[in-house]
Amino acid sequence: MPETTQESVRGRAPSIRDVARLAGVSHQTVSRVLNNHPSIRPETKQRVLDVMAELQYKPNRAARALVTSRSRTIGILSASSTHYGPASSIAAIESAARTSGYWVTTANIESGDAGSIADGLAHLAAQGIEGLVVIAPQVRVFDTLAQLSIDVPYVTLQSTGRDPEHTLSVDQIAGARIATRHLIERGHRQIYHLAGPQDWIEAEARMRGFLDEMSARDVPTTAPILGDWTADFGYYAGRELLTVRDFTAIFASNDQMALGVMHAVRDAGLEIPRDVSVIGFDDIPEAAHFWPPLTTVRQDFAELGRRCVALLLGDIDASAPEYRGTIVPELIVRSSVGAPAF
């Protein structure tokens, strides 16, 4: 590019009109190139693309939305996004959206009160989202959403049973039953369950799956212990349980609590799985490197993201395929579960 051309855009971001002037076309032609319009001759398109590359021109999404009436943006309203499940769901949706030519913008809300939810939705609406994904673990969030008007296609990633037409989820009950069944089939009958927080939808579903499987197998149950998802809780709960030691296995509702339990077992001078078997849920990346490697339940977040975006696009674009229903998780057998010693 000649020096005079460099000077003409130096000190500011190049605009669509700069591209048009230097390519010798109208700005409408540049817009058609950006939107892949079939009427553009190949040589004209290439000339425009060459100028865009030389200028390092990056089209503004908001400006393109004004021209095309499409933002190609999916919004995510998320609570508790620092936890493994919500964070993995967001990453999977972002990946699937990019594959389909969409961008993702996320509004993280600190609490499930009506004001925070309304503010989050307003923030996303201001960005012209074409679809919405709600990732919120507490029932109260969905109670609030039911009272608000959502005027774009939306999907929720928690199965509350209240809005099946807009729900896609991993079958948490089935996953918990798979984990519990594995322990029972290895010979365990004294099993404790470390559950998640009481107001979390996933924690409630996993606890229900545990109790359902124990009942179906006619195995006596003790009341689940409500935890907080942290390894610290698993450690201190494990220490308390080991003072009595009236169990041979523990099913923790997530891998972090399972890690804490394993720490407590080792501190007590016992071995896993010789003395105590431990099983988790989630299959976090580190689970394969616990000692011993943790048997756990894997959620297929990549598939969840793909189906979520496909379901949204089925509402946004009638030609897109759509998927509804639940995804059944998978048992990952490693070394932390064995036959009971007594």
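Select E213 and R181. Their side chains meet in a salt bridge, 3.1 Å from N to O. E213 lies in helix 10 and R181 in helix 9, so the pair ties together parts that are 32 residues apart in sequence. Keep in mind that this is a predicted model.

E213 is buried, with a relative accessible area of 2%. R177 is partly exposed at 24%. R181 is partly exposed at 27%.

Together with R177, R181 and E213, they are linked in a network of salt bridges. Side chains of opposite charge can pair when their charged atoms come close. For the whole structure, the count of salt bridges is 16.

Next, select helix 9 itself, residues 172-185. Its 14 residues reach 20 Å from the first C-alpha to the last, close to the 20 Å expected at 1.5 Å a residue. Is this helix enclosed or open? Of its 14 residues, 10 are buried, so helix 9 is largely enclosed by the rest of the structure. Colour the buried ones: Q172, A174, G175, A176, I178, A179, T180, H182, L183 and I184.

Look at both ends of helix 9. At its start, a side-chain oxygen of D171 reaches to within 3.3 Å of the backbone nitrogen of I173. Just after the helix, find G187, which takes a positive phi of about 110°.

T167 counts as buried, at 10% relative accessibility. Show T156 as well: a polar contact of 3.3 Å joins the two side chains.

Move to helix 13, residues 301-316, and pick R307 and E303. They are 4 residues apart in this helix, so about one helical turn separates them. Their side chains meet in a salt bridge of 2.7 Å, N to O. Both residues are buried.

Last stop: S89, in helix 6 (residues 84-99). S89 counts as buried, at 7% relative accessibility. Which residues does S89 contact, leaving aside its neighbours within four places in sequence? Select I135, L157, F301 and L304 to see them.

How values were computed: Residues are numbered from 1 along each chain as its sequence is written. This is a predicted model: local features need pLDDT of at least 70, side-chain atom pairs count only at pLDDT 80 or more; totals for chains, interfaces and linings use all residues. Side-chain values use heavy atoms; hydrogens and water are left out. Buried means under 20% relative accessible area, exposed over 50%, partly exposed in between (1.4 Å probe, protein chains only). A polar contact is a pair of N or O atoms within 3.5 Å; within protein, one must be able to donate a hydrogen and the other to accept it, and residues adjacent in sequence count only if both atoms are side-chain atoms. Helices (H or I, at least four residues) and strands (E, at least two) are DSSP runs, numbered from the N terminus. The expected span of a helix is 1.5 Å times one less than its number of residues. Contact means heavy atoms within 4.5 Å. A salt bridge is a side-chain nitrogen of Lys or Arg within 4 Å of a carboxyl oxygen of Asp or Glu.
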